[in-house]
Amino acid sequence: MIEARHLRVLRAVSTTGSFSAAARELGCTQPAVSQQMKALESSAGTTLLIRTGREMRLTQAGEALVRHASGILAGLTAAEEEVAAIAGLRAGRVRLVSFPSGSSTLVPGALAALRAEHPGTRVSLVEAEPPRSVDLLREGDCDIALAFRYGATGGEWDDLVVRPLLTDRLIGLVPEGHRLAGASSVSIGELAEESWIAGCPRCRRQLVEVCEESGFTPRIDFATDDYPAVMGLVGAGLGVAVLPELAVESVRPKGARAVPVEPAIEREIVALTLPDLARVPAVAATLDQLSRTAAR
């Protein structure tokens with residue numbers, strides 16, 4: 001295998017015309033230059049230099065290698081500089097996937113702080129709910145997935161680095177004129193006869209499970225992944241809903257009242273990445289900013 005350090009020596013010998021002059025240019029000894037040239041000729045499998053008196057002359061193979069060496073070394077230098085920039089957070093790219101309520105609450109503050117601290121780091125954002133967002137991470141289509149889960153599921157994320165961010169409590173939503181609109185809290189059982197408006201598929205499953213634990217199956221008349229739509233339907237008097245507190249924070253409900261639900265229903269908000277990606281400086285910095293934003 002031809003090594004870059006050997007190519008640098010060959011180019012210096014070609015430019016200066018001798019081992020001793022090349023050694024002075026490179027800041028090493030003449031024997032070191034001679035040794036590296038022998039190693040390069042061994043790697044190339046042919047003679048690259050011919051001594052003529054006190055000067056060195058390139059063979060045809062040597063000329064070909066010198067001709068390519070400039071481009072190779074220039075490309076290597078550019079690569080080294082780019083990697084150093086990424087490692088030093090002067091450059092870099094992070095592909096982030098988030099669920100909608102995380103995109104509107106946690107992500108903006110975290111990315112603004114990241115840009116202020118590391119302006120050379122670029123972050124792209126697309127939206128997806130778990131488990132699709134987690135699949136995108138495992139498939140290599142993103143670097144960080146903002147996700148949530150209701151209760152720890154054994155083995156679900158064992159292959160990933162899990163950065164816990166916060167616990168998000170679910171809040172009940174009822175129309176302003178509802179009999180429970182002024183209540184300090186409401187139990188799920190008190191809403192057993194209501195028409196329900198459900199959110200994303202994972203939230204929908206959780207709603208059904210919680211209601212069934214309270215002894216009834218909710219009558220879901222409307223289902224939408226769009227949280228503003230859920231709030232609009234509740235505000236129009238078409239039903240009740242249970243939404244994550246992050247979602248309620250991101251949209252001001254019109255015509256709807258938020259009521260704490262008892263017993264508390266909570267979901268864990270986390271940032272996920274792959275073990276190797278966690279060591280990439282730009283990814284680590286983004287995870288840190290997400291943690292700081294969630295702690296506020």
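Guide: Here is a short talk about the terms used for this structure. It is a predicted model, in which local features need pLDDT of at least 70 and side-chain atom pairs count only at pLDDT 80 or more, while totals for chains, interfaces and linings use all residues. Residues are numbered from 1 along each chain as its sequence is written, and side-chain values use heavy atoms, with hydrogens and water left out.

Visitor: What makes leucine 89 buried?

Guide: Buried means under 20% relative accessible area, exposed means over 50%, and partly exposed lies in between (1.4 Å probe, protein chains only). Leucine 89 has 15%, so it counts as buried. This residue is in the loop between H4 and S3, and it has a positive phi of about 60 degrees although it is not a glycine. Most residues other than glycine have a negative phi.

Visitor: Why is glycine 88 called partly exposed?

Guide: Its relative accessibility is 44%, so glycine 88 counts as partly exposed. Glycine 88 also lies in the loop between H4 and strand S3 (92-98).

Visitor: Which residues of H1 are buried, and what do they pack against?

Guide: His6, Leu7, Val9, Leu10, Ala12 and Val13 are buried in H1. Contact means heavy atoms within 4.5 Å. The elements that the buried residues of H1 pack against include helix H2 (19-26), helix H3 (30-44) and helix H4 (60-87).

Visitor: What makes a group of residues a nonpolar core?

Guide: The members are buried Ala, Val, Leu, Ile, Met, Phe, Trp, Tyr and Cys residues joined through side-chain atoms within 4.5 Å. The largest such core here has 55 residues, and Leu106, Trp196 and Ile269 are among those with the most contacts inside it. A second, separate core of 19 residues includes Leu10, Val13, Ala22 and Val33. In soluble globular proteins, nonpolar side chains tend to be buried together.

Visitor: What makes a space a cavity, and how many of 30 Å³ or more are there?

Guide: On a 1 Å grid over the protein atoms alone, a cavity is a set of points where a 1.4 Å probe fits but cannot get out, and lining residues have an atom within 4 Å of a point. Grid points are joined across faces, edges and corners, and a volume is the space filled by probe spheres set on the points. The structure holds one cavity of 30 Å³ or more, and the largest cavity has a volume of about 100 Å³. Of the 13 residues lining the largest cavity, the closest to its centre are Leu170, Cys203, Gln206, Leu207 and Val242. H7 gives the largest share of this lining, five residues.

Terms used
Helices (H or I, at least four residues) and strands (E, at least two) are DSSP runs, numbered from the N terminus. On a 1 Å grid over the protein atoms alone, a cavity is a set of points where a 1.4 Å probe fits but cannot get out, and a pocket is an open set with protein on both sides within 12 Å along at least five of seven lines; lining residues have an atom within 4 Å of a point.
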